[in-house]
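Here's a quick look at one chain, starting with a single residue and its neighbours and then zooming out.

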Amino acid sequence: MDERKMETQMSDTCGRCGRRLKDPFFREVGYGRTCAAKLGITLPLKKKGNKQSAEMPAKNGGNK
């Protein structure tokens with residue numbers, strides 16, 4: 001297999017914890033929001049009218 005060619009496969013389950021992924025974006029990433037944050041994967045900001053192109057770390061739910 002050619003290592004230079006990377007194919008993206010969508011997954012129905014998180015690659016870290018195995019939970020079912022419902023959001024198509026996270027299926028493409030291969031991890032849920034929490035697991036992506038724990039692994040240090042940055043996710044793009046959702047564009048809802050604002051014109052920000054910066055990336056932010058995934059939300060790390062429950063930190064106090």
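## Around Arg-16

Leaving aside residues up to four places away in sequence, Arg-16 touches Tyr-31, Cys-35, Lys-38 and Leu-39, where contact means heavy atoms within 4.5 Å. Its C-alpha sits 8.5 Å from that of Ala-36, 20 residues apart along the chain. Arg-16 itself is in the segment before helix 1 (24-29). With a relative accessible area of 44%, Arg-16 counts as partly exposed; buried means under 20%, exposed over 50%, and partly exposed is in between (1.4 Å probe, protein chains only).

## About the model

This is a predicted model: local features need pLDDT of at least 70, side-chain atom pairs count only at pLDDT 80 or more, and totals for chains, interfaces and linings use all residues. Residues are numbered from 1 along each chain as its sequence is written, and side-chain values use heavy atoms, with hydrogens and water left out.

## The aromatic pair

There's one aromatic pair here. Phe-25 and Phe-26 have ring centres 5.3 Å apart and planes at 80 degrees, so they pair edge-to-face (centres within 6.5 Å; planes under 30 degrees apart are stacked, over 60 edge-to-face, the rest tilted). Phe-26 is buried at 9% relative accessible area, while Phe-25 is partly exposed at 34%.

## The whole chain

From the N terminus, the elements run α-α-β-β, using DSSP runs for helices (H or I, at least four residues) and strands (E, at least two). Buried residues make up 16% of the 64 in the protein chain.

Note on methods. Phe/Tyr/Trp six-rings, centres within 6.5 Å; stacked < 30°, edge-to-face > 60°.
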